[in-house]
Amino acid sequence: MPLTHLQQLEAESIHIMREVVAEAEKPVMLYSIGKDSSVMLHLAMKAFYPAKPRFPLLHVDTTWKFREMYEFRDRMAKEKGIELLVHVNQEGLRMGIDPFVHGSSVHTDVMKTQSLKQALDAHGFDVVLAGARRDEEKSRAKERIFSLRSAQHRWDPKNQRPEVWRVYNCRKQPGQSIRVFPLSNWTEGDVWEYIDRENVPVVPLYFAKLRPVVERDGALILVDDDRMPLYAGEAPTMRMVRFRTLGCYPLTGAMESTADTVPAIVQEMRRARTSERQGRIIDHDSTGSMERKKQEGYF
Amino acid sequence: MPSRRLLRFITCGSVDDGKSTLIGRLLYEGNLIFDDQRAALEADSRKVGTQGGDLDFALLLDGLMAEREQAITIDVAYRFFSTATRTFIVADTPGHEQYTRNMITGASTADAAILLVDATRGLVTQTRRHSYLAWLLGIRHVVLAVNKMDLVDYAQARFAAIEAAYRAFAAQIGLPHICCIPVSALKGDNVLTPSARMAWYDGPTLLGHLETIDVDSASLEGAPFRVPVQWVNRPHADFRGFTGMVVSGTIHPGDRVRVQPSGRESRVARIVGYEADLDRAVAGQSVTLTLADEVDVSRGDVICSAESPAAVADQFEATIVWMSDQPMLPGRPYWLKIGARTVTGTISHLKHRVNVNTLEHLAAKRLQLNEIGVCNLAVDRPIAFDPYRDNRDTGGFILIDRVSNDTVGAGLLHFALRRSQNIHWQPTDIGKEARSVQKGQKACVLWFTGLSGAGKSTIANLVDRQLYVRGLHTYLLDGDNVRHGLNRDLGFTDEDRVENIRRVAEVAKLMVDAGLIVLVSFISPFRAERTMARELVGADEFIEIFVDAPLAVAESRDPKGLYRKARLGQLQNFTGIDSPYERPEDPEIRIDTTSTTAESAAARIIAFLEDRTTAPGR
């Protein structure tokens, strides 16, 4: 029997992770708690079994994630027995950055992009594994699996290294770093099919449930804690919703759905008529916003 | 859940063949574009589109701001779609001058290639170039999509003529599986659904064909077993697992294997799985193997079937595709990465360059960006390999610049050169140590580098005299003097400068072996060659002395009147004027000649030698 596409994708990702561990001086895996991170963690457990993954997990925490995400994160790190590093931009905290007040651009720049750079510089990580996929966004579609960053963490899309066969160039100049995307060739559908096949644990927010939400600017926002200001005329209502992507709760829209199991989500994905990024508020800021953020050092 | 198989394909075509329209059509008609993407496409088409009011499918693929502004495609874009029976990864490569570099990136992992031709224009130069590159990279399935059939009234005769011409050309280069399909990407004919306007065509639609291409996984699984070892897994003393991807063949516990290049043999004990061990693994799987015996296996070794192991050699004939703005220079060492092994590789001889448009062989001394050549290649230690035609993973390699660390070339091994098997290093009874001791010294190389007129020869001469007075055995190799004899056939082009340094480094190495303290006074402008000399001689015995003079100072001294000539245009390729000097980054000794006299410089070097006790004073 020839390998299925999921078996091929899994083998490719494991190959990439092992190559990183063999060649990097100080690798790290970004862990954002979402479904792609869940799959990455599962692949890493497989790639290095019976040893543990040869890198710590790094969560760049904005302090605005859903509460269930924090619970899930801490449970996973404990269960898998992997070192978890959490970094918060303390300067951003002191500035009182609040997505409800400052908007998504400022919040994302200070608490994610700048925070990530701080964490990478502080620890001196030279190779950073992350779960971005090429089907997510048009500028990602053109990024290499091993993506070189300058000492300032910048991506230069016009000067990418050729990437031939399965031979990855992991060499770099002092100060440069490499971001590596083992899930480059996976689609959102592949991720869910794999979660189904391998029973990969994911945050319960992905499954439909009655949750208190308010409708704001066309998005359904979950009232996750009392930091959320309610405007005149707004009152949370209980609706059957789930999340297609997870991020900071003020910036992540829920979708109406009854899919409360992984197979139901896989079925729903097949019928989906919108892309997963639609629920993410950061992408709508301006055209080319993701490309600009990536050049500045965002993932 | 139906299990689907993966097909990776590449699309090639020149600028106006309608490539983006075709891919856009595939995704659009296959309901593979989401509503919000479609809304964005409609908005973008109105704003920056080039199709009047119609949807501009190119905008789906051109994702970078610079691409949209300039209406060009910069890099390989990957798109994904799936049907009920198959999952597809499309590498879309742009058609402009950077083409070769991009197409190699996209084609290296592809199972199939779609070549677009415009029915109104027929085969063009680019069709031949893309076909050659597809053949070179070993893509076995080529689909010739004859597009814009709507513009030739869907005429069967037009299609038949193009198909006949292409089949003749494909036979000439040896492409195995060809399928020609008449389509109109704009109108949708024969893309997803059979065209009523071309009832004369009874072959498959484009998507129908892509769904049925046989990617030969059976023959890959039947090929000899190979696992390039990526990483040795040692969680505790009782477990030693060798991890890597099975790039060809099939393996079971108990199978005999040979580890190349060492040649040691053992049996597979376990194929370790996450939940349970496996009783079989096939090409395409990432595995962890344990062996029955304690054999030495490390990253870069290749675990092979014992019956038909990979060959081992250190000299090859290879095809090189050059992908850097800096030219490939024969003689210059590069990092060569093949599978999981990185060695030093040098092009010893460039046999010819291939004109990818006409397939002609042309004489060449170097390869420029996007050029392809056939060469002899030497690596610094034996490696396991298969010819690229037999195995992409054990026969394909990349070349990495040792200074910038950029990927500068891709290569395909053809075969081992016989000389590599027939010439062996002849061990001699009296070695370097014995010869050094006899002379009461420790041999080394003092490598003086710097601009012409910096003072290298003056300082080297002083050092040489002082060592001589102390009764030490030295020899001074001077750039100008060596060019009178050994290197009289070399000029001052970059290629010749590289060869110049290679020969001198080899001579210096022999002299160190003879127990001498060797002073080399050469401009040696390129970092890569100085690094080569250091590695050839051995880092412990190589002392790099940077005689540092600003260009203006060296030029004002101009002891031989060479700068004046160069400025007048009477001397070409003069270092510092129209040929670069790459300053040493970390020399053992740097002499600032604007603040140091030649005498005190010499004294510093002697002191350095005494500190290293390579020149014990007597």
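Q: Hi! How many residues of α2(A) are buried?
A: 14 of the 14 residues in α2(A) are buried, and that helix is mostly covered. Buried means under 20% relative accessible area, exposed means over 50%, and partly exposed is in between, using a 1.4 Å probe and protein chains only.

Q: Before we go on, what kind of model is this?
A: This is a predicted model: local features need pLDDT of at least 70, side-chain atom pairs count only at pLDDT 80 or more, and totals for chains, interfaces and linings use all residues. Residues are numbered from 1 along each chain as its sequence is written, chains are lettered from A and ligands numbered from 1 in the order in which they are written, and side-chain values use heavy atoms, leaving out hydrogens and water.

Q: Back to the helix: what should helix α2 of chain A span, and how far apart are its end C-alpha atoms?
A: At 1.5 Å a residue, the 14 residues of helix α2 (residues 35-48) of chain A should span 20 Å, and the end C-alpha atoms are 20 Å apart, which agrees. The expected span is 1.5 Å times one less than the number of residues in the helix. Helices (H or I, at least four residues) and strands (E, at least two) are DSSP runs, numbered from the N terminus.

Q: Which peptide bond is cis around A:Pro50?
A: The bond from A:Tyr49 to A:Pro50 is cis, with omega near 5 degrees. A:Pro50 sits in the loop between α2 and β2 (57-60) of chain A. In chain B, the bond from B:Gln260 to B:Pro261 is cis too, with omega near 10 degrees. B:Pro261 is in the loop between β11 (256-260) and β12 (264-271) of chain B.

Q: New topic: is A:Tyr249 buried or exposed?
A: A:Tyr249 counts as buried, at 0% relative accessibility. You'll find A:Tyr249 in the loop between β9 (237-242) and β10 (255-256) of chain A.

Q: And what does A:Tyr249 touch?
A: Not counting residues up to four places away in sequence, A:Tyr249 touches a list of residues including A:Trp64, A:Phe66, A:Phe100, A:Ile221 and A:Arg227. Contact here means heavy atoms within 4.5 Å.

Q: Which residues have the most contacts inside the largest nonpolar core?
A: B:Phe9, B:Ile114 and B:Tyr166 do, in a core of 73 residues. A nonpolar core is a set of buried Ala, Val, Leu, Ile, Met, Phe, Trp, Tyr and Cys residues joined through side-chain atoms within 4.5 Å. A second, separate core of 68 residues includes A:Ile33, A:Ile82, A:Cys170 and A:Val262. In soluble globular proteins, nonpolar side chains tend to be buried together.

Q: What about B:Phe9, what does that one touch?
A: Among the residues that B:Phe9 touches, leaving aside those up to four places away in sequence, are B:Phe81, B:Phe88, B:Ile114 and B:Leu210.

Q: Which residue forms a salt bridge with A:Glu10?
A: A:Arg197 does, with the closest N and O atoms 3.6 Å apart. The pair links distant parts of the chain: A:Glu10 is in helix α1 (residues 5-23) and A:Arg197 is in helix α6 (residues 188-198) of chain A, 187 residues apart. A:Glu10 is buried, with a relative accessible area of 12%, while A:Arg197 counts as partly exposed at 37%.

Q: And which residue forms a salt bridge with B:Asp386?
A: B:Arg226, with the closest N and O atoms 2.7 Å apart. B:Asp386 lies in the loop between β20 (372-385) and α10 (392-395) of chain B, and B:Arg226 lies in strand β7 (residues 226-228), 160 residues apart. B:Asp386 is buried, with a relative accessible area of 9%, and B:Arg226 counts as buried at 3%.

Q: Last one: how many helices and strands are in chain B?
A: Chain B comes to 19 helices and 27 strands. Of the 618 residues of chain B, 55% count as buried.

Notes: A salt bridge is a side-chain nitrogen of Lys or Arg within 4 Å of a carboxyl oxygen of Asp or Glu.
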